[in-house]
Amino acid sequence: MTLNQYIPTNLTKEINKGEAIWTSPSNIALVKYWGKKKHQIPENQSISFTLDACKTKTKLSYEKTNKVIDNYSFDVYLDGEEKLDFKPKINTFFERIEVYLPFLKDYHFKIETSNTFPHSSGIASSASGMSALALCLMSLEKELNPEITQEYFNEKASFLARLGSGSASRSIEGDLVVWGAHKAIEGSSDLYGIKYPYKVHDNFKNYHDTILLVDKGEKQVSSTVGHNLMYNHPFAKTRFKQAEENITNIKGILETGDLDGFIALIESEALTLHAMMMTSMPYFILMKPNTLEIIDKIWAFRKETGLHISFTLDAGANVHVLYPEKEAEAIYDFIKTELVAYCQNGHYICDRIGFGAKQL
Ligand code: DP6
């Protein structure tokens, strides 16, 4: 599947050497992407909050090689240390995107990257990492063709990022991003994420996400394995339909500021994601006892106080505690006194909604 609109035709400038630096954030899905077709096409639509504090900074230095090479020429560093084990994933990414960036083999690249969150925090760096790299490569494309518009730049950056990691397509812009063609969301596409185009109530401005690091180990199930579990899954069809309905429903919730509706929808999404893993073959339980302890405590506190604290999960044991700005003080107090005890070594990250990637 090759999409002609992303194949550049006008790379007129000669660029021998240069660099680009981008920071790109992580994101947390409210309606989850789980299941994909060939070529990184999602089985269902998803929507996410772009995060602010959790991000990757990537510097891409490039220099023309002036020789014909068969393989991509690049070195990759994390926090100043060469990471040979990152190379296969980047190589696969380059293979997928070369048709859209035909200059990839003309250059030697040095990729220097660092994350604001610890590498071993259980927070996936693929969304922020792949989007940061895609943006750096787009900066090189813009050097080669200064005519490209900002709109094309962002759309193609998201398109390329998706080919590295699906959720990375949602990390270019903020504060809410939809990925996957949906009839109720104008302009939405399976190929790239778009900034959520409708009115969002003030209740959802500056929403908080405190990430409780329950298990900082390596992911028990890689996303590739995870998505594959949805092939021949007995509940897959119903799940994909449910996600589609949830996107329709969240539109009304976001517009009216319906916090109770929001909580019911996102918690159900989080538990459904885990239910899909528990009911696949092979099956997995990715929550830990402390994940459940935290969920229990959140529910009890919500019942007792009427405050709008809620949670979501990604494909692991960590808990994202989501809450509105106007209740932040009381809820953050509760998190510190009651929930942090369930975190591995007491570690957690305070984050909130952010506004997308930035060029430095
Ligand atoms: C559970 O984007 O990591 O976080 O496309 O294989 O790289 P790949 O998968 P990835 O999957 C993320 C799954 C999720 C839900 C979500 O972010 O929507």
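Domain bounds here come from an automatic or database domain assignment. With that in mind, the chain splits into domain 1 (4-198) and domain 2 (203-352), and their C-alpha centres sit 26 Å apart. This is a predicted model, where local features need pLDDT of at least 70, side-chain atom pairs count only at pLDDT 80 or more, and totals for chains, interfaces and linings use all residues. Residues are numbered from 1 along each chain as its sequence is written, and side-chain values use heavy atoms, with hydrogens and water left out.

**Where the domains meet**

- Contact (heavy atoms within 4.5 Å) links 34 residues of domain 1 with 41 residues of domain 2.
- Leu-30, Lys-32 and Trp-34 supply 24% of the area that domain 1 buries against domain 2, more than any other three residues; buried area is the accessible area (1.4 Å probe) that two parts lose on being put together, summed over both.
- Altogether about 3300 Å² is buried between domain 1 and domain 2, and carbon and sulfur atoms give 68% of that.

**A salt bridge**

- There is 1 salt bridge between domain 1 and domain 2, a term for a side-chain nitrogen of Lys or Arg within 4 Å of a carboxyl oxygen of Asp or Glu.
- Glu-244 and Lys-183 join their side chains in a salt bridge, at 3.4 Å from N to O.
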